[in-house]
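Dear colleague,

Please find below the sequence and structure that I am handing over to you. My notes on what was found follow directly after.

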Amino acid sequence: MNDYQAVPELLKDKIILITGAGDGIGAAAAKTYAAHGATCILLGRTVSKLEQIYDEIIAEGYPEPAIVPLDLNGATPTHYDQMAMTIKDQFGRLDGILFNASILGHIGPFGDIEPDQWQQIMQVNVNSAAFMLKSLLPVLRASEQASVIFTTSSVGREGRSFWNGYAVSKFATEGLMQVLAAEYANRNIRFNCINPGATQTQMRASAFPAEDASTLKTPQQIMPLYLYLMGDDSIQVNGQSLDCQPKK
Ligand code: NDP
């Protein structure tokens with residue numbers, strides 16, 4: 001899929017929310033979506049990082065984004081309802097969501113994870129997406145064709161030792177995607193997962209500190225699949241979990 005060539009105006013006039021838009025893959029996706037005409041809603045917990053992405057998008061002359069500072073660990077359904085109301089007032093609809101924000105949490109023996117660490121992983125990686133989505137369904141329904149992309153991982157498809165709560169959260173992400181894809185089949189919202197594969201980011205560096213990061217794909221290099229699934233070229237694709245990089 002990395003040879004997919006998006007037309008420059010692929011996302012023209014689309015309103016797209018990206019979680020974890022301040023860094024790593026989310027930052028690359030926000031800039032790439034904006035470059036293809038989208039108005040991006042940049043959600044993340046570190047305001048300075050979101051402002052940096054906002055400035056980069058404006059400097060390129062792309063559509064002005066919006067910033068939503070929110071810590072997904074502490075956010076409640078009330079926050080998401082308020083966000084949905086603001087999106088409805090400001091834009092009238094939402095055409096896409098990239099659920100990208102995640103934390104690794106404790107990588108190591110299962111017996112060593114603390115209950116509060118486990119809860120935090122589930123809160124940020126799974127519950128926040130489910131509750132946010134529940135609030136945002138009405139604005140997604142107002143779109144002609146909406147695309148919701150979740151972010152999975154290889155460890156969310158096949159159990160692997162020491163990946164702990166992170167892996168379990170990605171299995172849950174795949175499950176959430178499948179349930180919604182089945183429920184909304186043949187309607188105006190499609191749901192899919194992307195597995196980025198090993199990518200040069202902070203998260204990858206903390207999981208594999210001894211690795212030579214220069215051997216990995218950059219976030220920018222894996223963007224073709226992010227564009228394909230967000231744009232209308234993938235209108236028939238629903239309920240799939242797709243890889244940015246071939247399995248080794
Ligand atoms: P990074 O750690 O580089 O970025 C994660 C982003 O999520 C950051 O912008 C971070 O914000 C945000 N975030 C984390 N916690 C919260 C929170 N509580 N509230 C709001 N925002 C939060 O990760 P990657 O870019 O590497 O990962 C992106 C996605 O890709 C994740 O879902 C990850 O699981 C998945 N993935 C990544 C792989 C890789 O090799 N990089 C491989 C397989 C899957 P802040 O910067 O403010 O902390």
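Helices H3 and H4 cross in a right-handed manner. Please note that this is a predicted model. The axes of H3 (residues 77-91) and H4 (residues 115-141) come within 8 Å, with a crossing angle of roughly 25 degrees. Because angles under 35 degrees count as roughly parallel, H3 is roughly parallel to H4. On the H3 side, the residues that meet H4 are Pro77, Tyr80, Asp81, Met83, Ala84, Ile87 and Lys88. Their partners in H4 are Phe131, Met132, Ser135, Leu136, Pro138 and Val139. Sorted by class, this contact of H3 with H4 comprises ten nonpolar, one polar and two charged residues.

A second pair of helices is H1 (residues 24-35) and H7 (residues 223-230), whose axes come within 10 Å and cross at roughly 55 degrees. That angle makes H1 oblique to H7. The crossing of H1 past H7 is right-handed. H1 contributes Ala28, Ala29, Thr32 and Tyr33 to the contact, while H7 contributes Met223, Tyr226, Leu227 and Met230. Seven nonpolar residues and one polar residue form the contact of H1 with H7, with no charged residues.

With kind regards

Technical notes:
Residues numbered from 1 in each chain as written. Predicted model: local features only at pLDDT ≥ 70, side-chain atom pairs only at ≥ 80, totals over all residues. Axes fitted to C-alpha atoms, helices over the stretch in contact; angles between N-to-C directions. Helix = DSSP H or I, 4+ residues; strand = E, 2+ residues; numbered from the N terminus. Parallel < 35°, antiparallel > 145°, perpendicular 65-115°, else oblique. Left-handed = near helix turned anticlockwise from the far one by under 90°. Contact = placed C-beta atoms within 7 Å. Nonpolar A, V, L, I, M, F, W, Y, C, P; charged D, E, K, R; others polar.
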